[in-house]
Amino acid sequence: MTSTLEPTATTQQVDPFQTYEQRLRTLSEASVEQHFDAFVDIDWDHPDFAIDPTDERWILPEVDVLGGHPWYRGLPQDERIRIGLYRQANVTKVGLQFEQILIAGLMNYALGLPNGSPEFRYSTHEATEECHHTQMFQEFVNRSGQPVTGGSRFFRTIGPLLPLAAKAVPFAFFYGVLAGEEPIDHVQKTILRAGDEMHPLLQRIMQIHVAEEARHIGFAHQYLEHKAPRLKRSERAILSVIVPVIMKWLCNEILVPSRQARKDMGIPKEVMKDLYWDSPESRKFLRDLFGDVRMLADSTGIRNPVSRRLWRALGIDGRSSRFRSQPASAAG
Ligand SMILES: [Fe+2]
Ligand SMILES: [Fe+2]
């Protein structure tokens, strides 16, 4: 446990003179130095953290795609509160389902590593942290009292098979990890940066999550950059096509409400179309989510003229970040 919620310097800066092994060691040491326990670092029973389903702080912030939409903003206040709490509980539920898949995948991946492998220690630190995240997220969902089911039925059905990819095709798996972690991290950071008055329990959860995700995303970037030069030409060609598809699919699973969630929230079909992803605002939001991944896809050599078209067709093309976590406005 530690009191600071800011990502440690070691997670944000990459020393160009460090070897891959040293960088992974730095990440592991940062995990020892700064980590959180869902039931030590959150005072769940503190009166300020109580969830009142009529609390207006559940109204979605304008930086949220749904929260900024004229349909949502035109609803009576009690409806905005009801939908806001449901929406935040459901996104949390999808996040935890994604993390369950990730933990299982990390274990499969670690099972195949030889003695002395530099990845073993860090991937296990990451799995430990994700276990705490799943507990923290589920506790929030339970206390919200919302009957949320998280991802789509399809996602929940094939979810148990996805961890198998971690052992069979770890390079694609770690891109999949980023496909889930980048959108969640981007959304949470945008909400925290906006500084609107939010419920302190959700704020605490997001701060803890953002602080630890910086390392997880850092590891995936390090791993992919390190392994990329060892890819065969044919592997690179296949990845150039499947990576943007995985990115868009998992991003949709996390951000687009499932059929059940849409029904429960009462979002009309035409508003759904507008939100995901027809309106200019939502298109920009979608493109901005992937600035860091585009940068990584460029540096790992899996964006070529053919796959660029696919990135564009899927609505996730745009300028690449110049450095990790560059705010979207600065990336242009
Ligand atoms: Fe997490
Ligand atoms: Fe993570």
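Visitor: Helix 2 passes helix 5: is the crossing left-handed or right-handed?

Guide: First the rule. A crossing is left-handed if the near helix is turned anticlockwise from the far one by less than a right angle, and right-handed if clockwise. Here helix 2 passes helix 5 in a left-handed crossing. Helices (H or I, at least four residues) and strands (E, at least two) are DSSP runs, numbered from the N terminus. Keep in mind that this is a predicted model: local features need pLDDT of at least 70, side-chain atom pairs count only at pLDDT 80 or more, and totals for chains, interfaces and linings use all residues. Residues are numbered from 1 along each chain as its sequence is written, while chains are lettered from A and ligands numbered from 1 in the order in which they are written.

Visitor: At what angle do the axes of helix 2 and helix 5 cross, and within what distance do they come?

Guide: Two packed helices are described by the angle between their axes and the distance between the axes. Axes are lines fitted to C-alpha atoms, for helices over the stretch in contact, and angles run from 0 to 180 degrees between N-to-C directions. The axes of helix 2 and helix 5 cross at roughly 30° and come within 9 Å. That makes the two helices roughly parallel (under 35 degrees is roughly parallel, over 145 roughly antiparallel, 65 to 115 roughly perpendicular, the rest oblique).

Visitor: Which residues make that contact?

Guide: Contact means that two C-beta atoms, placed from the backbone, lie within 7 Å. Helix 2 brings Tyr20, Glu21, Leu24, Leu27, Ser28 and Ser31. Helix 5 brings Pro118, Glu119, Arg121, Tyr122, His125 and Glu129. For the spacing, recall that an α-helix has 3.6 residues a turn, so residues three or four places apart point the same way.

Visitor: How are helix 4 and helix 5 arranged?

Guide: Their axes cross at roughly 155° and come within 8 Å. Helix 4 and helix 5 are therefore roughly antiparallel. This crossing is left-handed.

Visitor: And at what angle do helix 4 and helix 8 pack?

Guide: About 155°, with the axes of helix 4 and helix 8 11 Å apart. So helix 4 runs roughly antiparallel to helix 8. Their crossing is left-handed. Helix 4 makes the contact with Gly95, Phe98, Leu102, Gly105 and Tyr109. Helix 8 answers with Pro170, Phe173, Val177, Gly180 and Ile184.

Visitor: Is Ile101 buried or exposed?

Guide: Count C-beta atoms, placed from the backbone: 20 or more others within 10 Å is buried, 12 or fewer is exposed, and in between is partly exposed. Ile101 is in helix 4. It has 25 C-beta neighbours inside 10 Å, so Ile101 counts as buried. Leaving out residues up to four places away in sequence, Ile101 touches Gly159, Leu162 and Pro163. The C-alpha atoms of Ile101 and Gly159 are 6.5 Å apart, although 58 residues separate them along the chain.

Visitor: Where is His69, for contrast?

Guide: His69 is in the loop between helix 2 and helix 3. It has 19 C-beta neighbours inside 10 Å, so His69 counts as partly exposed. Not counting residues up to four places away in sequence, His69 touches Val271, Asp274 and Leu275. Its C-alpha atom is 9.2 Å from that of Glu281, 212 residues away along the chain.

Visitor: What span should the 25 residues of helix 8 have?

Guide: The expected span is 1.5 Å times one less than the number of residues. For helix 8 that is 36 Å, and its end C-alpha atoms are 36 Å apart, which agrees. Of its 25 residues, 19 are buried, so helix 8 is largely enclosed by the rest of the structure.

Visitor: What bend does helix 9 have, and where?

Guide: A bend at a residue is the angle between axes fitted to the seven residues ending there and the seven starting there. Helix 9 bends by about 30° at Glu213. It has 28 residues and reaches 41 Å between its first and last C-alpha, close to the 40 Å expected. Because 21 of the 28 residues are buried, helix 9 is largely enclosed by the rest of the structure.

Visitor: Which backbone details should I check?

Guide: Most residues other than glycine have a negative phi, and most peptide bonds are trans. Gly195, which follows helix 8, has a positive phi, near 70°. A cis peptide bond joins Tyr276 and Trp277, with omega about 0°. Trp277 is in helix 12.
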